[in-house]
Structure formats: C-alpha cells, structure tokens
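Subject: Structure handover

Hello,

Here is the structure I promised to pass on. Please look it over first, then read my notes below.

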Amino acid sequence: MQEELDSIEGPEQSEDAATCFPRTEKGVPFCWDYQIKGFFKDACSSLRRVPGTRSSKKTAFKKVIDGTMFVGPRVIPFQLPEGAKLGRCERPLRASGPSGERVALAASETVPVGTTLDFDVLVMNPKDTETVREWLDYGRLRGLFQWRNSGKGRFEWEEVGEE
C-alpha cells in the first residue's frame with residue numbers, strides 16, 4: 001500500500017482531482033502488474049459470453065488467473081514515443097437520482113498513440129497459454145485502463161519470446 005501511495009504523491013500531483021498514472025522515482029509514468037491481471041479477468045469475463053471462445057469454457061477463472069498466471073515486473077513503465085507527452089481526457093458524467101439530474105466532470109491522464117508496455121506473463125499451466133493470447137487479442141477491441149469503454153486504451157500486442 002505504501003509503495004502505491006508513494007508513486008502518486010509528490011510535487012506534480014494534480015490539484016484538480018484528475019486520475020493520474022503513478023510515477024517512478026524518475027518521474028516516468030507506469031502501470032502496476034495487477035492492472036494487467038485485472039485486464040485478463042475483465043477479458044475472460046466478457047469472452048465467456050461468446051460461444052466458441054476458449055474463455056467460454058473457463059470455470060473459476062479469477063482463481064486461475066490469481067493463482068497460476070503472473071505478470072512482471074511489478075512496475076511496468078510506459079515507453080512513450082520520442083518527444084511525446086501525456087494527454088488529458090475529460091468527459092461529463094451524468095446520473096439521475098431522487099433529487100434530479102447530476103453532472104460531474106471526470107478527467108484522466110492519457111498516454112499517446114504509439115506508447116508501449118513491456119512485460120512478462122508466466123502461465124504455469126501450458127493449457128492456458130492460448131487463452132492468454134485470446135485475451136490479449138481482445139485488447140484490440142476492449143482496451144486497457146479507465147477509459148476502455150470509450151475506445152481508449154486499445155492495443156496490439158507482440159510475443160517476443162517464450163520460455
């Protein structure tokens with residue numbers, strides 16, 4: 001917990017309640033390993049509803065992901081294209097309640113197109129390797145992180161080695 005708090009506190013912390021990426025000691029934005037595992041759970045949950053997918057046959061998938069699939073390193077730095085900077089996404093959030101309509105503004109940091117993440121996935125059960133590939137392929141449609149429902153965070157992936 002303290003490690004996570006240390007990564008978001010500091011002189012550059014936003015004053016306007018925007019959601020910001022954590023930073024390394026050198027100020028490089030990053031994501032946590034558990035955010036990738038969270039993506040796996042989200043992807044499997046969605047693809048379970050699609051007949052013929054490997055995920056549609058998964059039972060107790062959250063327990064499988066937590067216990068037999070491991071992402072590393074813990075801190076996964078964003079590698080921004082040369083000269084690129086983080087952006088900002090804002091949109092209104094609307095809600096209806098007993099007291100009427102409410103509107104609030106949500107704001108988040110964004111990474112530019114062409115940003116990469118380099119991480120490892122250890123899959124302890126070889127039968128699950130193709131399922132992880134299915135989830136990563138799904139990332140082209142679904143995306144990662146907070147704004148994935150709006151189409152942000154979509155990605156392509158490349159397998160660069162296998163052990």
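Of the 163 residues in the protein, 31% are buried, meaning under 20% relative accessible area, with exposed over 50% and partly exposed in between (1.4 Å probe, protein chains only). Please note that this is a predicted model, in which local features need pLDDT of at least 70 and side-chain atom pairs count only at pLDDT 80 or more, while totals for chains, interfaces and linings use all residues. Residues are numbered from 1 along each chain as its sequence is written, and side-chain values use heavy atoms, with hydrogens and water left out.

Overall layout

The protein has four helices and six strands. These are DSSP runs, numbered from the N terminus: helices are H or I with at least four residues, strands are E with at least two. Along the sequence the order is α-β-α-α-β-β-β-β-β-α. Take the contacts (heavy atoms within 4.5 Å) with a separation of 6 or more: 65% of them join residues 24 or more positions apart.

Strands β4 and β5

Strand β4 covers residues 87-97 and strand β5 covers residues 100-110. They pair in the antiparallel sense, over eleven bridges. Pairing requires at least two bridges found by DSSP. The hairpin from β4 to β5 runs through two residues.

The core

Nonpolar side chains tend to be buried together in soluble globular proteins. Here the largest nonpolar core has 22 residues. Such a core is a set of buried Ala, Val, Leu, Ile, Met, Phe, Trp, Tyr and Cys residues joined through side-chain atoms within 4.5 Å. Ile36, Phe39, Phe40, Val132 and Trp135 have the most contacts inside it. At least two core residues come from each of α2 (33-47), α3 (61-68), β2 (69-72) and α4 (129-142). Helix α2 gives the largest share, six residues.

What does tryptophan 135 touch, leaving out residues up to four places away in sequence? Its contacts are Phe39, Phe40, Ala43, Cys44, Leu47, Ser55, Ile65 and Met69. Trp135 also belongs to an aromatic cluster with Phe39, Phe40 and Phe155.

Aromatic pairs

Rings of Phe, Tyr and Trp (its six-membered ring) pair if their centres lie within 6.5 Å; planes under 30 degrees apart are stacked, over 60 edge-to-face, and the rest tilted. That rule gives eight aromatic pairs. One of them joins phenylalanine 30 and tryptophan 32: the ring centres are 4.9 Å apart and the planes stand at 85°, so this pair is edge-to-face. Both residues, phenylalanine 30 and tryptophan 32, are buried.

Salt bridges

There are nine salt bridges. Each needs a side-chain nitrogen of Lys or Arg within 4 Å of a carboxyl oxygen of Asp or Glu.

- Arginine 74 meets aspartate 33 at 3.0 Å, N to O. This pair links distant parts of the chain, 41 residues apart: arginine 74 lies in the loop between β2 and β3 (75-77), aspartate 33 in helix α2. Arginine 74 is partly exposed, at 33% relative accessible area. Aspartate 33 is buried, at 15%.
- Aspartate 42 meets arginine 148 at 3.6 Å, N to O. Here the link spans 106 residues, from helix α2 to the segment after α4. Aspartate 42 is buried at 18% relative accessibility, and arginine 148 is partly exposed at 29%. A network of salt bridges links Asp42, Arg142 and Arg148.
- Glutamate 130 bridges to arginine 133, with the closest N and O atoms 2.5 Å apart. Both sit in helix α4, three residues apart, so about one helical turn separates them. Glutamate 130 is partly exposed at 40% relative accessible area; arginine 133 is buried at 18%.

Cysteines

Best wishes
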